[in-house]
Amino acid sequence: MATVTECNLAGGLPGVIGSSEVMQSVCQLTRQVSASSATVLLTGETGTGKELIARAIHELSPRSSGPYIRVNCGALSESLLESELFGHVKGAFTSAHENRTGRFEAAHGGTIFLDEINSVSYTLQVKLLRVLQEQEFERVGDTRTIEVDVRIVAATNRDLLDEIEADRFREDLYYRLNVLPIDVPPLRDRQDDISLLLEFFAGMYAASNQRPEPSIPAATIQLLQGYDWPGNVRELQNYVERAIVLAPGNQLTPDLFPPHVVGGGSARTTAIRPRRGRDVESVTRELVGLTMQAAGPGAENLHESTVSRVERELLLQVLRECQGVQTRAASRLGINRNTLHKKIDEYGLGDESR
Ligand SMILES: Nc1ncnc2c1ncn2[C@@H]1O[C@H](COP(=O)(O)OP(=O)(O)OP(=O)(O)O)[C@@H](O)[C@H]1O
Ligand SMILES: [Mg+2]
């Protein structure tokens, strides 16, 4: 088996495992952009390693001795995020008992990583645009302008062009952010990396569980290479941890991984296995029967709960087929984009569909 290489091949990055051609290009591009102070926009599905790349950009840059500050823009409400990013002065709002320095000031001389930039409200996007353009801002409740020297790296796991189309993201901010775009490819497009990642995580979790490093049979690697990894490297990492904990001996055999990963089929639809030659009616009958069974005999609103389960699955499958691009999914479904958008929110499909 290949030995773990921290992508230290041509253009490799510390901490980033992978030797596939696509990852080598990502690593090389990352190295190139690190040298400058220009804004980087990281795109890619959930769990592909955007945060790892953001940190590598800082560590390889001339600012590496300065601070590296990460802000998860999706985790805070609009007003909290504003004061987190820009700081506030005492009395700016009811709970502002003291002056507070924001994260932009804290990142002075270093890098700020704005994770989930797509979640920033439209109003706050205006303020961000100004920092990007002028490197200046005011604390909340203050008139004094503060100048900072900060390198901005932003990440999104939503397609910002879709967000612009839906009037949720400003086009001018997008162009300011998209100076140096890096797209981190999904794991299904870099199957060559699976054995290196497996070996890396197996070693890591064996050590933390005080177990000897396990051997990985070729059959395990082959089966894992056939799975489509919607949760990408994070998903693989979690399954390896679980396999290490459950392994009775020191071999990571395929049965230590969930059946939907090594045995085909999807995580949610293992109840119905499509068989060749079955007609749509009989499959539908079975699907409705199973959905009704799952709802339970005393379920209220049987119509609503059954239809919505089926609708949810349909949307999920089409969104995946269209790689989460909502415009394409809406047209494939023959529904309007706004309707699709409402349904995605309603069914909480935001993360799963990508
Ligand atoms: N190439 C890689 N080598 C080693 N570990 C990796 C690699 N890519 C991702 N990981 C690991 O997988 C996990 C998920 O990575 P990360 O948090 O960077 O993903 P992300 O793209 O930021 O996801 P999200 O969009 O959900 O925030 C982390 O534990 C990270 O260390
Ligand atoms: Mg992340």
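Which polar side-chain atom lies 2.8 Å from an oxygen atom of ligand 1? That atom belongs to Q237. Everything here comes from a predicted model, where local features need pLDDT of at least 70, side-chain atom pairs count only at pLDDT 80 or more, and totals for chains, interfaces and linings use all residues. Residues are numbered from 1 along each chain as its sequence is written, chains are lettered from A and ligands numbered from 1 in the order in which they are written, and side-chain values use heavy atoms, with hydrogens and water left out.

**Around ligand 1**

- Ligand 1 is surrounded by 17 residues (a heavy atom within 4 Å of it), and the closest are I17, T46, G47, K50 and Q237.
- Two more of these make N/O pairs with the ligand (a polar contact is a pair of N or O atoms within 3.5 Å; within protein, one must be able to donate a hydrogen and the other to accept it, and residues adjacent in sequence count only if both atoms are side-chain atoms): K50 puts a side-chain N or O atom 2.7 Å from a ligand oxygen, while G47 uses a backbone N or O atom at 2.8 Å.
- On its own, ligand 1 has 630 Å² of accessible area, and the protein covers 85% of that (Shrake-Rupley method, 1.4 Å probe; for residues, only the protein chains shown count as cover).
- Helices α2 (50–60), α8 (194–208) and α10 (232–246) are the elements giving two or more residues to the shell (helices are DSSP runs of H or I with at least four residues, strands are E runs of at least two, both numbered from the N terminus).
- Sorted by class, the shell holds 6 nonpolar, 7 polar and 4 charged residues (nonpolar: Ala, Val, Leu, Ile, Met, Phe, Trp, Tyr, Cys and Pro; charged: Asp, Glu, Lys and Arg; polar: the others, Gly among them).
- Domain 1 (35–185) and domain 2 (189–262) both supply shell residues, so ligand 1 lies between them (bounds from an automatic or database domain assignment).

**Helix α2**

- The buried residues of α2 are K50, I53, A54, A56, I57 and H58 (buried is under 20% relative accessible area, exposed over 50%, partly exposed in between; 1.4 Å probe, protein chains only).

**Positive phi outside glycine**

- D167 has phi near 60° and sits in the loop between α6 (160–165) and α7 (171–177); D167 is exposed, at 60% relative accessible area.
- W229 has phi near 45° and sits in the loop between α9 (218–225) and α10; W229 is buried, at 0%.

**R337**

- R337 is part of helix α15 (residues 337–346) and counts as buried at 14% relative accessibility.
- Its side chain reaches the backbone oxygen of D162 at 3.5 Å.
- Leaving out residues up to four places away in sequence, R337 touches D162, E165, A166, Q326, T327 and A330 (contact means heavy atoms within 4.5 Å).

**Whole chain**

- The protein chain has 15 helices and 9 strands, and 43% of its 354 residues are buried.
- Of the contacts with a separation of 6 or more, 66% come from residues 24 or more positions apart.
- Accessible surface comes to about 17900 Å², with 49% of it belonging to carbon and sulfur atoms.
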